[in-house]
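Here is a friendly walk through a two-part view: how the pieces are arranged, and how some of them pack. Keep the structure open beside the text as you read.

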Amino acid sequence: MNPTQLARGPLPADSLLGQYKPPAGVYDELVESDGTLRPQWREFLSLLDGLGGSELERRWDQARRLIHENGITYNVHGDPQGRDRRWELDALPLVLAHSEWSQLASGLEQRARLLNAILADLYGPQQLLAEGLLPAELVFAHPGFLRPCHGYNVPEDCHLHLYAAHLARSPEGNWWVVADRSQAAVGPGYAVENRIVISRMLPHIFHHCRVQRLAGFFIALREQLGELARRHREQPQIVLLSPGPSSMTYFEDAYLSRYLGYTLVEGEDLTVRDNRVFLKTLGGLMSVDAVLRRVMDDDCDPLELNTRSRVGVPGLVHAARSGNVVVANALGSGLVEAPALMAFLPEICRRLLGEELRVPSVRTWWCGDESSRRFVLSNLERLVVGPAFLSHTHRPVHAATLDRAERQQLAAEIEATPGRFVAQELVVRSTAPVWNDAALHPGHIALRAFVVASEDSYQLMPGALAHVSSSASNLGESLFVGHGSKDVWVLSDGPVAPVTLLQPPGTPLAPRRSGVDLPSRVADNLFWLGRHVERAEGTARLLRSVFSRLISEAAPGTMGELALLYRALCGPLSPPEGEVAGEGTVSTMELLVMEFLYDEHQPGSLQSILSGLGRVAKVVRDRISLDSWRILMRVDDDFRPKAGAVSPADVLAMLNQMILNFSAFAGVATENMTRGPGWQFLELGRRIERALILIGVLRSTLYHVSSSESAVLEALLEIADSSMTYRNRYATNLQLAPVLDLLLTDETNPRAIAFQLAALTGHVERLPRSPGEPLLSDEQRLVLAVLSAVRLADVQKLAEADEHGVRHELDALLQGGASKLRELASAVSHKYLVHAGPAHQLTEIRLG
Amino acid sequence: MRYAFVHTTHYSYSDAVPLCQNQVHLKPRDSDRQICHAHELAISPVPFKVDESRDFFGNPIHFFTLQDRHELLSITSRGEVELRELPSAAPDDTGPWEKVVGLPDGPDGMPLDVRQFVYDSPHVALSSELADYTRESFPPDRPWLAGVLELMSRIHQDFAYDPTATNISTPLETVLVLRRGVCQDFAHLQLGCLRSLGLPARYVSGYLRTTPPAGQPRLIGADASHAWVSAWCPEFGWIDFDPTNDVVPSQGHITVAWGRDYSDVCPINGVFIGGGEHSMKVAVDVEPIPS
């Protein structure tokens, strides 16, 4: 403890501590039972008082905006739309004393060593079973005991590289482990993100309180994996295997991969050949030396583990067995997550480590043991009963909350299959202050602490992820049940040295350029991001022309061009020859057009395009800049339909803002993105889509000679953002041929079709080529064909119509161009982006 | 008696398969009742490499990957197995079944490699319905072997052989209601019954001789891979039971592999990319070698 902290005077009368009253019977992190402040909080609270409640409130508002813009989200489980919910963070950190934390650190390091030793034994000689220290049922009946993973050498016998302990503090002030997470520890990324937000919000206080930094933990993880992977080769390739964007933890997967500098991959990005793991990239297959997996044990390999897994890598187990890849954590490590194991840990710890267990587990009885079962059945109402092995289908129940009949039912189930149940003491959790309504309120705390393998032992992250809830029940079981989280400050007993991941110690980095090692799937997603962004912008521009006409004074006189614009909105689904829908009054037109704004189910509606854009944006979140991401978040935020009736004027203002935002996105992409293959595929997507959209609009509006031709031309110039150029060139004299020149054949107009084609020519030329390919690739031929046709076109002739008022030549040119561009898109996909698709199982053999 | 066997599996795909990973249980394991004298695995197209090892249960296992585009895959496993005569046991030669259930863990009671076969497994979920069905054959104090034999006969009588009624993923509880299925279902059923009382039992996959000895009927399952169960008692160790044919195999049942259920010893397990539609053909031929 720092004596200067103790020497501080009493708190001011208007201290934020004010009316803080923790509930009786629990340990409070902030104040002792007589209401005095715990020493580790003194400095923090006096600095906070100095800041004042209203200033804290102001900064907190700002911080929440930052959270939103950074897009810290997690996927709400079971939401088919894949919509994200916002990460909830509390403004106040949980402050813990150095001495207390070092004690916990030594206990959790021991626990990680112990669990690792248990894994090494159970996936090896199984002495624990032979000696009766662990009942055989806890291994052989455990669905997480993966027999294919038994008996092969795990490098350095290190099964656990990263481990998370879920902790609670008892009323006496002792920490208890309530759950172990040994497959893929969820939360360290959120802990860093929380730290960034809170330390930015309270930089002064953070600095003065001497808070230990988190970066060292990640350096240790990187060194641990790097060390093992370097046995394969000097410059190893390490990937982070994620279950993908539909997973609850995708945000953290992307965040961690970026923070650690590992390539973020999904199962389909990897392939096993010659018993080695490879990453599929634009440039071909690249060897992978280590996999930090965020996929559950059983899902990692559909060949040898769960055959129904869609997120695994077929052959991964055998590659690991062959010693060709390090998988962290080792496959099968979920075995030690079983709550039933806790009942046996003290004995096993003595036997395997020759030590006493330092941090106790919550008291646990495994019902498969007869005397434990008798105890459980006669004390049922005091206990929490849950599955012995980790099961995602059954949640633990507090028997006291059951009625008599339910309790009897539970007892009968325990009697029938006792080995499947454990009972645990009800966990009472400590409380800590939460910032709510500009005051401190007590909230119940669950802690996730993270441990990483380091050289021969383990080290604890000097910080953690805390969860907070107004009720003590169910807390901490999942990150994702709608509770808030907290940053955790572990104070230092000396000066804090700055640590950063940006300049890791060790070998100097050789300069490298981003190249063909881009995973094909990422290139595919960027390609689609480009297409979606462009489609959204094009639709917004079209809608803007419609709405500006709907609210103008001359509205009733604009029905002719409005109907044509509406047809353009309907898109390729409505053939240009068809009847023009939506004839009638301005108000019926308004209703029709509204569907193209907010109706998710209307194909081509802005809502549906933005949803698609959101989905793609999320999966390339780690590949685009923070600014690009913020722009996309803003587009989405601005668009949400406001409550009540929406007026066309509001819509128009919203569309104007959205178009500006898309311009900003394009600007960031042009000015800030490295011209690597990623940018190239984004551009390919944008150029193809922009050309296709303009072609569609021209076909819908110009196929027939219209009675309101000049109004239509004016709208077209507006949509293509080319009114000013036209006026400069031709004053106010509106004619089709010069409009066509400007929108179709002018290669200097960035909105013209010819401009897109010229740009595409360049991008297609720079695509990776295999040496044996002919002089011109298929993609080059396709672009060249359209570009030549456009260059050779005579706009005067294109403007002419036949005796029925139909412009056949123009339409043929546009239609031909559109179909070649679609061919181009699919040719690019086939050649570079789609790698043979998903895996299937051979028909299972039916025996006689 | 010596037997020669050939087990061929053909896959054909409508589109080329660029990558196919496989893990197969095709080489007969050695045990106290059989020796595999010769074995050959012929794969076309020829894989880059074939790894042989043993699985958790000690069964021989092969891994191979096909990395070149192919539209056909054929796997042929052939070899010779010598079966030994086993001492026969009469139904009353064993102690009461409850004694088996109550054995303590350990080499003098129930060894760990037996104990592992009393629990749930992926295809065999224990239930009170299974226990109820089983108890009829296991009144108190009945000799273990008498109970297991009667259970086998009841399954044979109560369940109809019907290859169309079930598929590989039909759960045991459905089989119990349908009262029909194939050898796999009957093997899983008998496993579930025995385990639901706490009796250890394992799944055996293997072959039957194709043409029966003169004067005996041809057994069901002789033209494909077959499956039956093995149950354990302290007096005799593991004894095989074939509920599909209601026989205790003595001659003509060749063991390939054993495990907790089908999922542990599936003959050919593969994952491939592409391929479009695919179809499969299997042929098994087992004949005695005249001595």
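## Domains and packing

In chain B, the C-alpha centres of domain 1 and domain 2 are 25 Å apart. This is a predicted model, so please read everything below with that in mind. The domain assignment places residues 2–83 and 266–289 of chain B in domain 1, and residues 91–264 of chain B in domain 2. Where the two touch, domain 1 of chain B supplies 21 residues and domain 2 of chain B supplies 18 residues.

Which elements give two or more residues to the domain 1 side of that contact in chain B? They are three strands of chain B: S1 (2–17), S6 (70–83) and S14 (278–289). S14(B) makes the largest contribution to this side, with six residues. By class, this side of domain 1 of chain B holds 13 nonpolar, five polar and three charged residues.

Let us turn to chain A. Its assignment lists domain 1 (94–339 + 429–490), domain 2 (371–387 + 394–423) and domain 3 (520–833). Between the C-alpha centres of domain 2 of chain A and domain 3 of chain A there are 63 Å. Chain A contains 28 helices and 22 strands, and 49% of its 848 residues count as buried. Taking contacts in chain A between residues at least 6 apart in sequence, 72% link residues at least 24 apart.

The two chains also meet each other. Chain A brings 32 residues to the contact and chain B brings 43 residues. On the chain A side, the elements that give two or more residues are helix H5 (127–130), helix H6 (137–140), strand S8 (270–273) and strand S22 (839–841). That side of chain A divides into 15 nonpolar, 10 polar and seven charged residues.

| Helix pair in chain A | Axes | Angle | Residue classes in the contact |
|---|---|---|---|
| H15 (520–550) and H16 (559–570) | within 10 Å | roughly 155 degrees | six nonpolar, one polar, one charged |
| H7 (188–201) and H10 (250–260) | 8 Å apart | about 75 degrees | five nonpolar, one polar, two charged |

The axes of H15(A) and H16(A) cross at roughly 155 degrees. H15(A) is therefore roughly antiparallel to H16(A), and their crossing is left-handed. From H15(A), A:Leu542, A:Ser545, A:Val546 and A:Arg549 take part, meeting A:Leu562, A:Leu565, A:Ala568 and A:Leu569 of H16(A).

The other pair, H7(A) and H10(A), packs at about 75 degrees, so these helices are roughly perpendicular to each other. H7(A) contributes A:Gly189, A:Tyr190, A:Val192 and A:Glu193, while H10(A) contributes A:Glu252, A:Tyr255, A:Leu256 and A:Tyr259.

H15(A) and H16(A) turn up again around another helix. What covers the buried residues of H22(A)? The cover includes H15, H16, helix H21 (677–702), helix H23 (723–730) and helix H24 (736–745) of chain A. H22(A) spans residues 709–719, and its buried residues are A:Ala711, A:Val712, A:Leu713, A:Ala715, A:Leu716, A:Leu717 and A:Ile719. After H22(A) comes A:Asp721, which has a positive phi near 55 degrees.

Terms used: Residues are numbered from 1 along each chain as its sequence is written. Chains are lettered from A and ligands numbered from 1 in the order in which they are written. This is a predicted model: local features need pLDDT of at least 70, side-chain atom pairs count only at pLDDT 80 or more; totals for chains, interfaces and linings use all residues. Axes are lines fitted to C-alpha atoms, for helices over the stretch in contact, and angles run from 0 to 180 degrees between N-to-C directions. Helices (H or I, at least four residues) and strands (E, at least two) are DSSP runs, numbered from the N terminus. Angles under 35 degrees count as roughly parallel, over 145 as roughly antiparallel, 65 to 115 as roughly perpendicular and the rest as oblique. A crossing is left-handed if the near helix is turned anticlockwise from the far one by less than a right angle, and right-handed if clockwise. Two residues are in contact if their C-beta atoms, placed from the backbone, lie within 7 Å. Ala, Val, Leu, Ile, Met, Phe, Trp, Tyr, Cys and Pro count as nonpolar, Asp, Glu, Lys and Arg as charged, and the others, Gly among them, as polar. Domain bounds come from an automatic or database domain assignment. A residue is buried if 20 or more other C-beta atoms lie within 10 Å of its own, exposed if 12 or fewer, and partly exposed in between; C-beta atoms are placed from the backbone.
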